[in-house]
Amino acid sequence: MNWITAAGDGVVITVRVSPRASKNQLAGIMGDAVKLRVCAPPVDGKANEAVVEFLAELLDVPRSLISIRTGAAGRRKHVQVDGMTIETARKRLAAG
């Protein structure tokens, strides 16, 4: 399955989030999603903020270019990253 698609001038990445992890980390591809572990708890949007911040760091883009399109209240999310190609996103996530 495909975990990344082109959307407008950027990409949409499907992520599966595990909150309350011991450290923020990219845990690989799980089916059709990128698995992320974040330290933040899933309350008051803290895990979503951690996902945006961690992806910004991994992809080397400003946080302002990243937004959660769908799934803000669940573990499975579609995250929009503006100004990025599929190839660049794949390379940066593979290096992360």
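Me: How many nonpolar, polar and charged residues are found in the lining of the largest pocket of this predicted model?
Reply: A pocket is an open set of points, on a 1 Å grid over the protein atoms alone, where a 1.4 Å probe fits, with protein on both sides within 12 Å along at least five of seven lines; its lining residues have an atom within 4 Å of a point. Ala, Val, Leu, Ile, Met, Phe, Trp, Tyr, Cys and Pro count as nonpolar, Asp, Glu, Lys and Arg as charged, and the others, Gly among them, as polar. On that basis the lining divides into seven nonpolar, three polar and four charged residues.

Me: What pLDDT do local features need in this model?
Reply: Residues are numbered from 1 along each chain as its sequence is written, and side-chain values use heavy atoms, with hydrogens and water left out. As the model is predicted, side-chain atom pairs count only at pLDDT 80 or more, totals for chains, interfaces and linings use all residues, and local features need a pLDDT of at least 70.

Me: Which element gives the most residues to the lining of the largest pocket?
Reply: The space in this pocket is about 180 Å³, a volume being the space filled by probe spheres set on grid points joined across faces, edges and corners. Of its 14 lining residues, Pro42, Ala47, Ala72, Gly74 and Lys77 lie nearest the centre. Elements are DSSP runs numbered from the N terminus: helices (H or I, at least four residues) and strands (E, at least two). With three residues, the greatest contributor to the lining is H1.

Me: What distance does H1 reach from its first C-alpha to its last?
Reply: H1 has 14 residues. The expected span of a helix is 1.5 Å times one less than its number of residues. For H1 this expectation is 20 Å, and the helix comes close to it, reaching 20 Å.

Me: How many of the 14 residues of H1 are buried?
Reply: The buried residues of H1 include Val51, Phe54 and Leu55. They pack against strands E2 (10-18), E3, E4, E5 and E6 and against helix H2 (86-95). H1 is thus mostly covered, and its buried residues number 10.

Me: How many salt bridges does the model contain?
Reply: A salt bridge is a side-chain nitrogen of Lys or Arg within 4 Å of a carboxyl oxygen of Asp or Glu. Aspartate 32 meets this rule with arginine 76, their closest N and O atoms being 2.8 Å apart. Arginine 63 meets this rule with glutamate 53, the closest N and O atoms being 3.6 Å apart. The count of salt bridges is two.

Me: How many residues apart are aspartate 32 and arginine 76?
Reply: Aspartate 32 is partly exposed at 23% relative accessibility, and arginine 76 is partly exposed at 39%. Aspartate 32 forms a salt bridge with arginine 76. This pair links distant parts of the chain, with aspartate 32 in the loop between strand E3 (25-30) and strand E4 (33-37) and arginine 76 in strand E6 (residues 76-82); their separation is 44 residues.

Me: Is threonine 14 buried or exposed, and what describes it?
Reply: Threonine 14 lies in strand E2. Leaving aside neighbours within four places in sequence, threonine 14 is in contact (heavy atoms within 4.5 Å) with Trp3, Asp32, Ala33, Val34, Arg76, Lys77 and His78. Because its relative accessible area is 8%, threonine 14 is classed as buried.

Me: Which residue with a positive phi follows H1?
Reply: Most residues other than glycine have a negative phi. Arginine 20, found in the loop between E2 and E3, has a positive phi near 60°. The residue that follows H1 also has a positive phi, near 60°, and lies in the loop between H1 and E5. That residue, exposed with a relative accessible area of 63%, is aspartate 60.

Me: What distance separates the C-alpha atoms of serine 22 and arginine 37?
Reply: Serine 22 lies in the loop between E2 and E3 and counts as exposed at 78% relative accessibility. Serine 22 and arginine 37 are 15 residues apart along the chain, and the separation of their C-alpha atoms is 8.3 Å.

Key
Buried means under 20% relative accessible area, exposed over 50%, partly exposed in between (1.4 Å probe, protein chains only).
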